[in-house]
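Some labels in a structural description rest on a value and a cut-off. The questions below ask how each label is reached.

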Amino acid sequence: MSATGGNTAPTPPDIAARKSQAPLVCLTAYTTPVARLVDPHCDIALVGDSVGMVLHGLPSTLGVTLDMMIMHGKAVRRGLERALMVVDMPFGSYEESPEQAFRNAARVMAETGCAAVKLEGGENMAETIDFLTGRGIPVMAHVGLTPQAVNALGGYRVQGKGEDAERVIDDAQAVAQAGAFSVVLEKIPEALARRITEEVAIPTIGIGASPACDGQILVVDDMLGLFTAFQPKFVKRYAELGQMAEAAIAAYAREVRERRFPAPEHVFKGESEAIPGGDAA
Ligand code: KIV
């Protein structure tokens, strides 16, 4: 049973039509095996540029390249059947002009098979979003805290507090009017997320933006406890896979040093025996 009740992935218009309905469930994925885990449960799988920090150990998303996004996008594509696949446009690949954005987004779509791209920005990106959507490239927008602008914003702090709220509202309205099929709201106060969700016509997908949104997204490695360098307040850890993996690796190292692994059942003795899922020995 898919997250949308059918066997095919929802399209961007399907997602747009989910405004004010059952919450949209979204997670990031960067590899085929994790995409396979995410696929049966999520409406959207995002190949986020968070991959740079989560899998490549970069200090921010600024060093992520188009080639990295395409490589991870291809891997995720192989693991998805039911979720809509969206790929992030990395820093420097779309801001220069609508034409640059189209050229690179078209390459991402052609080479990864994704159905849509995501880009960060509000009013400043409205012209680009209009250009892309008018030429067959569905766009998920991203306003509030936009991590690619970490240097201009002065850090990863909550956005839209006090008088700054109007700026975030204007950004959300601008991307909706430009044709985005949904908008990520990152790290903004609950009252602001509620107001934007009530006022814009497209689904809002929150990360650190309260349950008032039309859907939620988390970085999969954060919620699985695999990325532990830091834990934002908005992350809930549904598992501690990092701790489990460390304990498993420590047990392996101990058993190898104590010559307890490999045990007799892992050893070929020379006789012919069928190995389940493998070759005859
Ligand atoms: O890169 C990313 O993973 C994202 C989500 C957290 C929204 O942009």
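Q: Why is His-72 called buried?
A: The model is a predicted one. His-72 has a relative accessibility of 7%, and buried means under 20%, so His-72 counts as buried.

Q: What makes the pair formed by His-72 and the backbone oxygen of Tyr-30 a polar contact?
A: A polar atom of the His-72 side chain lies 2.9 Å from the backbone oxygen of Tyr-30. The cut-off for such a pair is 3.5 Å, and 2.9 Å is within 3.5 Å.

Q: Which residues does His-72 contact, leaving aside neighbours within four places in sequence?
A: They are Tyr-30, Val-47, Val-51, Leu-55 and His-56. Contact here means heavy atoms within 4.5 Å.

Q: How do you know that the span of helix α4 agrees with its number of residues?
A: Helix α4, residues 66-77, has twelve residues, which at 1.5 Å a residue should span 16 Å. Its end C-alpha atoms are 16 Å apart, so the two values agree.

Q: Which residues of α4 are buried, and what do they pack against?
A: His-72 is found in this helix, and the buried residues of α4 are Leu-66, Met-68, Met-69, Ile-70, His-72, Gly-73, Ala-75 and Val-76. They pack against α2 (32-38), β2 (44-47), α3 (51-54), β3 (84-88) and α5 (98-112).

Q: What makes a set of residues a nonpolar core, and which members of the largest one touch the most others?
A: The members are buried residues of nonpolar types, joined through side-chain atoms within 4.5 Å. The largest core has 63 residues, of which Ile-129, Leu-185 and Ile-196 touch the most other members. Helix α8 (residues 165-178) gives the most to this core, with eight residues. A second, separate core has 14 residues, including Ile-15, Met-140, Val-184 and Ile-205.

Q: What does Ile-129 touch, not counting residues up to four places away in sequence?
A: Ile-129 touches Leu-119, Val-139, Ala-141, Val-175, Ala-178, Gly-179 and Ala-180.

Q: Which side chains have an N or O atom within 3.5 Å of an oxygen atom of the ligand?
A: Among them are Asp-49 at 2.9 Å, Ser-50 at 2.5 Å and Lys-118 at 2.9 Å. Each of these distances is within the 3.5 Å cut-off for a polar contact.

Q: How much of the ligand's accessible area does the protein cover?
A: On its own the ligand has 260 Å² of accessible area, and the protein covers 95% of that. The residues around the ligand include Thr-28, Leu-46, Gly-48, Asp-88 and His-142.

Notes:
Residues are numbered from 1 along each chain as its sequence is written. This is a predicted model: local features need pLDDT of at least 70, side-chain atom pairs count only at pLDDT 80 or more; totals for chains, interfaces and linings use all residues. Side-chain values use heavy atoms; hydrogens and water are left out. Helices (H or I, at least four residues) and strands (E, at least two) are DSSP runs, numbered from the N terminus. The expected span of a helix is 1.5 Å times one less than its number of residues. Buried means under 20% relative accessible area, exposed over 50%, partly exposed in between (1.4 Å probe, protein chains only). A polar contact is a pair of N or O atoms within 3.5 Å; within protein, one must be able to donate a hydrogen and the other to accept it, and residues adjacent in sequence count only if both atoms are side-chain atoms. A residue is near a molecule or strand if one of its heavy atoms lies within 4 Å of it. Accessible areas come from the Shrake-Rupley method with a 1.4 Å probe; for residues, only the protein chains shown count as cover.
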